[in-house]
Protein chains: 4
Amino acid sequence: MITADGEVHSAGDTETRFSVQSITKVFTLAIALGRSGDQLWSRVGREPSGSAFNSIVQLEREQGRPRNPFINAGAIVTTDEVLAGRAPRDALAEIVQFIRTAAGSDDIHINEAVAASETQHGHRNFALAHFLASFDNLKNPPEMTLGTYFHHCALEMTTTQLAQSGRFLMGAADMPKLISTARVRRLNALMLTCGHYDGSGDFAYRVGIPGKSGVGGGILAIVPGKASIAVWSPGLNRYGNSHKGTEALATLARQMNWSIF
Amino acid sequence: MITADGEVHSAGDTETRFSVQSITKVFTLAIALGRSGDQLWSRVGREPSGSAFNSIVQLEREQGRPRNPFINAGAIVTTDEVLAGRAPRDALAEIVQFIRTAAGSDDIHINEAVAASETQHGHRNFALAHFLASFDNLKNPPEMTLGTYFHHCALEMTTTQLAQSGRFLMGAADMPKLISTARVRRLNALMLTCGHYDGSGDFAYRVGIPGKSGVGGGILAIVPGKASIAVWSPGLNRYGNSHKGTEALATLARQMNWSIF
Amino acid sequence: MITADGEVHSAGDTETRFSVQSITKVFTLAIALGRSGDQLWSRVGREPSGSAFNSIVQLEREQGRPRNPFINAGAIVTTDEVLAGRAPRDALAEIVQFIRTAAGSDDIHINEAVAASETQHGHRNFALAHFLASFDNLKNPPEMTLGTYFHHCALEMTTTQLAQSGRFLMGAADMPKLISTARVRRLNALMLTCGHYDGSGDFAYRVGIPGKSGVGGGILAIVPGKASIAVWSPGLNRYGNSHKGTEALATLARQMNWSIF
Amino acid sequence: MITADGEVHSAGDTETRFSVQSITKVFTLAIALGRSGDQLWSRVGREPSGSAFNSIVQLEREQGRPRNPFINAGAIVTTDEVLAGRAPRDALAEIVQFIRTAAGSDDIHINEAVAASETQHGHRNFALAHFLASFDNLKNPPEMTLGTYFHHCALEMTTTQLAQSGRFLMGAADMPKLISTARVRRLNALMLTCGHYDGSGDFAYRVGIPGKSGVGGGILAIVPGKASIAVWSPGLNRYGNSHKGTEALATLARQMNWSIF
């Protein structure tokens, strides 16, 4: 946890690396918005999905436009926007560099074995990507976009690094400024309404701050103007979010009086 | 608009009465939580719906439990919880009194003609109520609960009264305290994630504060700790929320730097 | 079972009265087509539904037009067409008379207690009727149409009477001719594709003849040109069709070489 | 058109080759049932789908089990069953040989250019295949099964050949017997209930005989015991079935009194 004055508070295995998975969707969205601006929203919506992170039903009903950038289909679209005709390794270099800059650490790497395994077993994501392509909502070949997607999801960080990487989302004076203040607010709004899949409403109700979870058990949560918090605990609740991580954040937010509401 | 120090700022027809419609769902939810506490959540969820305000599809998929208290089906359930076996007029008296107290004005009334018309043409809501009943998620006879529902939605207020009625949701020191601070925050969280139906994500992204819209063109928006704002403009966008009201709030929030994110 | 030469074959409790329930949908459809001709199809489709008999999901997706006349929503529409502004008792008199004529017996009656109970507990059907009304696909007040619907579904017949009542659907020379041959064929086609709800495909595959089931455990099956068969056995399979009745018909159709395919 | 006594009746361009597309699903189903028997039904259902030929919604709702073998997802499963670990060319050889035998002609070939184009643009089918794989309902690698699928759909036949190839489905004494009579009937039942996608009910109602359409504009229709008919006319109706072909079959069936109902 990093507060606005730069203090770091830690507890537990804060130096163990874990797979951040979907949390990287926050960073790829920041990059995609930087590259394409509001044009991105013609390809992906900004509404909570009302269904599971990997559901394809909504995609058929809404003609291939994912509901938001944090469900898998939406994150595949933002990855596709970042890829933009380049070789996957070039896009990945940009993504990794963005995250390293945000975290202030070069010691952040992709776990190739995890990426390979995801590629091997990622039939659901392949289905989503081809489905998007069938609606002409994919600019690069599915395997290219997915290769990039699987790799950035396989990034590993420690909770300390993850908390550091979220500093730019605090919107605080002394914090790194990677994107405009207006965009910081909008990313936080998206994290609040869509950051925990179909458990986003519950997270907003109980914790009351923006956050993005990953299936690896991590959560990055932002207290605007005040703190960037990373938690990690692998057991997931039925929405696919860290069970204990959510509880810890609820307790912390209550004790610190950090609800944004 | 009422700020935390009690100042009132007005513009336009602030003394014209209009039908607040779904905005009363905020008050009935506050009352229902007061009566039943967290037990209410066994009957209704806290997640954005991902579908229109009057959709019945989700209700079939999730076995008669509405996704949140602000879509019609959910508001029928909270009304049913408030009714609690009483005569509709008794429940309505409680609801009206709550709102009058919140607004600090006794000159707030139900428009009987509007209520009668809604009852006449409210087939979709009758469908929702009977559907809930078929899943045993209605404690009172459908016509009783709906009678109460149609009547509290037919309440008329001026924008000044509406802004006043939202003061207790500011959570500010000098404001009326009708419910606990913890519950205020939770109501605000629900308004942010679910207060504008399937346009809630967009409202959070563009305006950045909790709000609840009504089909009459009104919006009640809350800046936690800072202000309670009411706007009214009848033209609706495709999600059923006031088009100009949303724009006005977006401009105001940006100029006042009032985003919660 | 009645064969085309008028022979009657019986086994079991053929003189016990049971509630024919949805089987009456065949007769109300015949009457509705007689009254309105192909205009009826602007209000209801002719396609298998792909969902349960009482599902409301399809109705929302297809704007209030039920998929076929044999799911509940569709049968409510055909009943509404038969009612046509009359008093329910007049429409019921027509329906009962049609069935008595078809069966060649006046000893066929509505069980008022069953009708009353259905009305009491028929929330799902009330939901469907109001939903249809919300799409302007109901010409009479919901309670009128439903009153008629619940009553004709509460008709009681013996299997002998039921088999007799299906003679006009054989399309055989010596059988009663209540509707045109072209219409007989079309009714049989609808029974084959839609007569067993979401188990229609399975019934066609395994039994191979048109049939209509009722939740009371009865099935009326037609072998075009050859026989009209009624079976009754209350245990239902997961689609809501008589389990043993289906098995008996499968065996009979195989032994008699009666598949239409 | 071939009648049970072997007479051939022709009109129009009966010797022009066209892409039979989905009509081959009838033959692959016959082969799959021959290889695996009723075990096949654990992987695919027998019910009309109530949705479009390429819909993925049902597949998510029913956990990766396609509703029937004639929608795309179901045909991918039957192709997968026929492939059975072999090289695609071996499975294709079996399929082509089956059809040549059925048609009594060796001059039936796959159009490689069409197959290549389908592979190029077949994102929707790739999505379906990967989706099936994500539910473990694909035994071979998606690209293998799809390669086989795209190729057998790219088969070209003349209407004469197509009508000849359907003779075994007549179930008539003097016709080729490639599968058992019981299975012939079941294939015909499936064609009737599912052979025209979401227009199957309408086809049964208006034409009254089993048939299978292809997006190339062809329809193979069977009059059990009496005739095998092939029509071809490229313009499609809104369900994806030949518009004029359907009309021609309706007229023919009425004039010949060929309805099975």
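## Symmetry of chains C and D

Chain D is superposed on chain C by a rotation of 180° with 0.0 Å of shift along the axis, at an RMSD of 0.0 Å; the superposition is by least squares on the C-alpha atoms of residues with pLDDT of at least 70 in both copies. The two copies are thus related as by a two-fold rotation axis. The C-alpha of chain D nearest this axis belongs to D:Gly50, at 2.2 Å from it.

## Basis of the model

The model is predicted: local features need pLDDT of at least 70, side-chain atom pairs count only at pLDDT 80 or more, and totals for chains, interfaces and linings use all residues. Residues are numbered from 1 along each chain as its sequence is written, chains are lettered from A and ligands numbered from 1 in the order in which they are written, and side-chain values use heavy atoms, with hydrogens and water left out.

## Interface of chains D and C

Contact, meaning heavy atoms within 4.5 Å, links 30 residues of chain D with 30 residues of chain C. The two chains bury about 2900 Å² between them, 53% of it on carbon and sulfur atoms; buried area is the accessible area (1.4 Å probe) that two parts lose on being put together, summed over both. On the chain D side, D:Arg185, D:Tyr205 and D:Phe261 lose the most area to chain C, together 30% of what that side buries. Because 100% of the interface residues of chain D are also interface residues in chain C, the copies meet through the same surface.

The interface of chain D and chain C holds 4 salt bridges, a salt bridge being a side-chain nitrogen of Lys or Arg within 4 Å of a carboxyl oxygen of Asp or Glu. C:Asp198 and D:Arg67 form a salt bridge in which the closest N and O atoms are 2.6 Å apart.

## Interface of chains A and D

Between chain A and chain D, 15 residues of chain A are in contact with 15 residues of chain D. About 1300 Å² is buried between these chains, with 69% of it on carbon and sulfur atoms. There are 2 salt bridges across the interface of chain A and chain D. D:Glu60 and A:Arg124 meet through their side chains in a salt bridge, at 3.4 Å from N to O.

## Annotated positions in chain A

UniProt, in an unreviewed entry, places the feature "binding site" at A:Ser22, A:Asn72, A:Glu118, A:Asn125, A:Tyr149, A:Tyr197 and A:Val215. UniProt positions are given in the numbering used here, feature names are shortened, and annotations may be inferred rather than shown by experiment.

A:Ser22 lies in the loop between β2 (18-19) and α1 (24-36) of chain A; helices (H or I, at least four residues) and strands (E, at least two) are DSSP runs, numbered from the N terminus. A:Ser22 is buried at 6% relative accessibility, where buried means under 20% relative accessible area, exposed over 50%, and partly exposed in between (1.4 Å probe, protein chains only). Leaving aside residues up to four places away in sequence, A:Ser22 touches A:Tyr197, A:Lys212, A:Ser213 and A:Gly214. A:Val215 occupies the loop between β5 (211-213) and β6 (218-223) of chain A and is partly exposed, with a relative accessible area of 43%. Apart from residues up to four places away in sequence, A:Val215 touches A:Gln21, A:Leu236 and A:Gly240.

## Sheet and helix in chain D

Chain D has an open sheet of 4 strands in the order β1-β7-β6-β5, with antiparallel pairing; two strands pair if DSSP finds at least two bridges between them. β1 (2-3) and β5 (211-213) of chain D stand at the edges with a single partner strand each, so one side of each is left without a neighbour in the sheet. β5(D) pairs with β6 (residues 218-223) of chain D in the antiparallel sense over 3 bridges, and D:Lys212 has D:Leu220 of β6(D) as its bridge partner.

Helix α3 (residues 72-83) of chain D contains D:Thr78, which is buried at a relative accessible area of 0%. Not counting residues up to four places away in sequence, D:Thr78 touches D:Thr28, D:Leu29, D:Ala32, D:Leu40 and D:Pro69.

## Salt bridges within chains

Over all chains, the count comes to 48 salt bridges. A:Glu94 and A:Arg86 meet in one of 2.5 Å, N to O; A:Glu94 is partly exposed at 26%, and A:Arg86 is partly exposed at 26%.

In chain D, D:Asp202 forms a salt bridge with D:Arg206, with the closest N and O atoms 3.5 Å apart. Both residues lie in helix α10 (residues 200-206) of chain D, 4 residues apart, about one turn of the helix. D:Asp202 is buried at 18%, whereas D:Arg206 is partly exposed at 27%. In chain A, salt bridges that share partners join A:Arg43, A:Asp80, A:Glu81 and A:Lys139 into one network.
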